[in-house]
Amino acid sequence: MKALISFSLMRRLNNPVSWMLYGFSFLLFGVLMFSDVLLTSLAPSLVLPRSIHMNSEMFDRIGEYLPSNFVFQSDPLLADIKIQVSMDEYKVVGHLNAVEQQWVDQMIHGYHRLSMVEKMPDSMVSIIDDVMMANIVWDNEADEPSDHAGFIVITSIYFMLLSFSTAVANEVVNEKTSNVIEIILTSVSHKEHYYSKLLIGWFTMLSQMMIHSCGFIFWFMVRVVFDDGKGIMGMMYRWQWLSVRFLSFDEWISSLNIGMSQISIIMLCAVFLMLGILLVQLLMVLISVHINSIEEAAAIQGPFYLGMLVIYYLAIFINSSEQLNQGWGYYFSYTPVLSMLFMPSRLLSTTVTLSELILALMIASVTLMICLKIGEDHYRKNLLKGSSKSTFVKKEI
Amino acid sequence: MLHVESLTKLFAPQSGCQNVSFKCKKGEIHGILGRNGSGKTTLFRCLLGLIPYDEGVVRLVSSLPEIRQFGYLPEERSVISDLRVYQMIEFFASLKQMSQKEIRDERDFWLHKLECKHLMYKRLRECSKGNQQKVQLICSLIHRPDVLILDEPLTGLDVSNVQLFKQIISDYAHSDKIVLLSSHQYEEIEPLCDNLMVLNDSKVILQGKLSDIKRSHPTKTVSISEDAHMIYALQKGVIDIRQEGNTTKYICKAESDAINIALLALRCRDGRTIKVESLTLKDLVGEQP
């Protein structure tokens with residue numbers, strides 16, 4: 001089994017296309033980690049904040065509300081945008097796009113209101129406030145926004161593993177069509193072959209993740225040495241991908257407040273995902289033993305892949321806490337195959353009791369065990385070409 | 001020694017192999033012959049443990065670990081075409097749990113012996129059919145199994161490679177190993193086989209040492225070249241006539257009948273070739289070319 005797995009891994013990981021992919025991902029991580037540096041030299045307008053000039057009185061009033069993509073410039077000659085205040089108008093000079101124009105418009109209105117209010121007697125201000133401002137009391141029972149980041153990670157792993165499952169199934173088809181399986185089975189039992197195929201998908205995924213992670217960590221470390229990520233954090237803040245400006249990676253990571261409970265939830269999600277994907281992979285391998293050509297493989301695997309897509313979209317549509325606690329999502333979180341996406345959804349967005357968790361885990365594990373056992377027999381009976389008439393087993397001689 | 005007793009594997013009546021028994025000593029080449037679908041491959045698959053048999057016993061006396069006892073060259077081409085030659089050999093050797101050093105030594109030895117060392121770094125899809133067959137042969141015997149099963153090893157080979165394969169097979173058997181061989185090229189394997197077994201419709205119809213079988217068959221043949229008109233067809237004792245190119249082969253009931261025809265032919269020989277001989281393997285199996 002070891003020889004089979006290492007051979008298969010070598011074929012998958014050590015080939016010209018894989019090396020191209022590693023090179024590409026390494027380069028991509030480098031570009032991403034230094035995107036602020038690259039953009040500053042190639043397209044500075046995308047990265048550098050626009051300098052804006054206004055008189056000091058105006059800056060004192062609204063300076064703190066300046067959006068992240070603007071920076072105050074005291075010298076009007078050096079500013080990209082100038083706001084000139086005269087007796088009865090505000091003149092804005094500069095090249096502004098629609099979004100910038102909207103921001104400047106809001107700032108000027110704010111400043112104008114403040115300066116007008118200051119000139120009025122208090123009684124009038126109170127009347128105007130009554131007219132202009134409604135007193136709204138919010139009693140909103142809407143859900144807290146669910147943890148989309150976790151769901152994104154889980155679905156990414158889901159699709160990654162699905163594609164590896166397809167690759168493993170294709171490998172079985174290839175071995176069958178090239179008759180290599182007959183020679184392999186003179187050295188390993190069908191059982192070893194069966195389990196090695198299930199393990200190969202996982203090892204491939206882990207190896208690829210490790211390889212790409214190494215590239216990412218390398219560039220991350222380079223960036224830490226370079227400026228501790230200050231530049232890229234600044235760029236993300238300017239593009240409003242971050243609501244707070246962080247001065248280093250450290251600062252950003254500690255702001256995430258990742259505690260033990262979050263880690264446990266992620267681990268539990270991974271367990272459900274793993275059980276579900278193993279079941280899917282098992283089904284793919286079992287279907288593959290009936291396939292005798294690549295054309296047949298495409299015809300059978302296509303609909304299967306579509307089915308998995310349907311499960312994914314179901315998980316997206318049934319993602320409200322009401323559905324996940326009482327509706328279809330609740331029942332799907334106990335259903336084998338479906339539980340790999342619905343239980344993580346529940347874990348990430350609602351509260352799941354320990355007994356519910358144990359029940360769902362037991363259902364998923366027992367289903368997997370039963371399928372593994374039944375699948376073993378099915379695999380043995382159908383692996384060799386033209387074997388429908390007999391049962392193929394590795395026996396002692 | 002390989003001892004097979006009453007081995008039966010039936011998919012349907014007359015499909016598979018029935019009641020097959022034979023013994024093979026070390027150093028012997030055992031020919032297993034028969035038409036397509038007669039049960040040869042089923043027999044091999046049963047011996048290799050690829051399929052379970054319904055009845056019978058297979059015993060092998062071997063000092064090797066179980067995984068290395070058998071080597072198999074299947075009838076159909078079984079190569080991973082995108083691999084390089086050395087990768088394919090190393091893969092199958094590693095499945096037999098050989099050490100890296102063993103693999104390297106044996107790989108180089110067999111590549112040299114089969115005159116294909118220059119192919120080592122070539123991809124299998126770039127190799128000719130004959131060269132692919134050589135690589136497959138190396139894969140089947142790199143672990144030096146006690147029993148080497150070759151299913152149609154000579155198919156698709158040119159004359160020089162057929163000779164090379166025959167030499168390799170013969171040398172391998174003489175190194176105290178057992179070779180089970182099936183082929184449709186009866187003329188080619190006849191000089192190789194010590195024992196033979198003929199299967200027909202899943203049953204054994206002929207079995208034993210080749211010399212004994214020939215001796216026990218009184219039937220003789222007379223081959224006369226340039227005899228397009230088969231002029232001796234009505235002579236006494238002629239039981240069958242076969243035309244092979246410009247040569248007519250008269251199969252006679254007894255040796256005396258064959259000699260009579262040969263004497264008649266000698267009288268008007270005119271430079272023709274006249275040959276009296278025992279039945280060849282092909283004649284014994286009764287298979288038409």
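Domain bounds here come from an automatic or database domain assignment. For chain B that assignment gives domain 1 (2-214) and domain 2 (217-285). This is a predicted model, in which local features need pLDDT of at least 70, side-chain atom pairs count only at pLDDT 80 or more, and totals for chains, interfaces and linings use all residues. Residues are numbered from 1 along each chain as its sequence is written, while chains are lettered from A and ligands numbered from 1 in the order in which they are written.

**Chain B overall**

Chain B holds 9 helices and 13 strands. Helices (H or I, at least four residues) and strands (E, at least two) are DSSP runs, numbered from the N terminus. Along the principal axes, the C-alpha atoms of chain B fill a box of roughly 70 × 45 × 30 Å. Of the 289 residues in chain B, 39% are buried. A residue counts as buried if 20 or more other C-beta atoms lie within 10 Å of its own, exposed if 12 or fewer, and partly exposed in between, with C-beta atoms placed from the backbone. Two residues are in contact if their C-beta atoms, placed from the backbone, lie within 7 Å. Take the contacts in chain B between residues at least 6 apart in sequence: 69% of them join residues at least 24 apart.

**Domains of both chains**

In chain B, the C-alpha centres of domain 1 and domain 2 lie 35 Å apart. Their contact takes 8 residues from domain 1 of chain B and 8 residues from domain 2 of chain B. On the domain 1 side, the elements giving two or more residues are α6 (186-189) and α7 (210-216) of chain B. The residues of that side divide into 5 nonpolar, no polar and 3 charged. Ala, Val, Leu, Ile, Met, Phe, Trp, Tyr, Cys and Pro count as nonpolar, Asp, Glu, Lys and Arg as charged, and the others, Gly among them, as polar.

Chain A is also divided, into domain 1 (2-32 + 146-382) and domain 2 (49-132). Taken over C-alpha atoms, the centres of these two domains of chain A are 51 Å apart.

**Helix packing in chain A**

Two helices of chain A, α1 (residues 2-13) and α2 (residues 16-33), pack on helix α10 (residues 190-227). Axes are lines fitted to C-alpha atoms, for helices over the stretch in contact, and angles run from 0 to 180 degrees between N-to-C directions.

| Pair | Angle | Axis separation |
|---|---|---|
| α2(A) and α10(A) | about 30° | 9 Å |
| α1(A) and α10(A) | about 40° | 9 Å |

The angle makes α2(A) roughly parallel to α10(A). By contrast, α1(A) and α10(A) are oblique to each other. Angles under 35 degrees count as roughly parallel, over 145 as roughly antiparallel, 65 to 115 as roughly perpendicular and the rest as oblique. The crossing of α2(A) and α10(A) is right-handed, and the crossing of α1(A) and α10(A) is right-handed. Right-handed means that the near helix is turned clockwise from the far one by less than a right angle, left-handed anticlockwise.

In α1(A), the residues L4(A), I5(A), S8(A), L9(A), R12(A) and L13(A) meet α10(A). Their partners in α10(A) include H193(A), L199(A) and F203(A). The residues of this contact divide into 7 nonpolar, 5 polar and 1 charged.

**Where chain B touches chain A**

The contact takes 23 residues from chain B and 21 residues from chain A. On the chain B side, β4 (55-60), β5 (70-73) and α2 (85-95) each give two or more residues. α2(B) gives the most, with 4 residues. The residues of the chain B side divide into 17 nonpolar, 3 polar and 3 charged.

α2(B) is mostly covered, with 8 of its 11 residues buried. Among them are V85(B), M88(B), F91(B) and L95(B). The buried residues of α2(B) pack against α1 and α9 (180-184) of chain A, as well as α3 (100-113) and α4 (129-141) of chain B. Q97(B) follows α2(B) and has a positive phi, near 60°.

**Positive phi in chain B**

Most residues other than glycine have a negative phi. N19(B) is not a glycine, yet has a positive phi of about 50°. N19(B) sits in strand β2 (residues 15-24) of chain B and is partly exposed, with 13 other C-beta atoms within 10 Å. D201(B) has a positive phi near 50°. D201(B) lies in the loop between β8 (195-200) and β9 (203-209) of chain B. D201(B) is partly exposed, with 15 other C-beta atoms within 10 Å.
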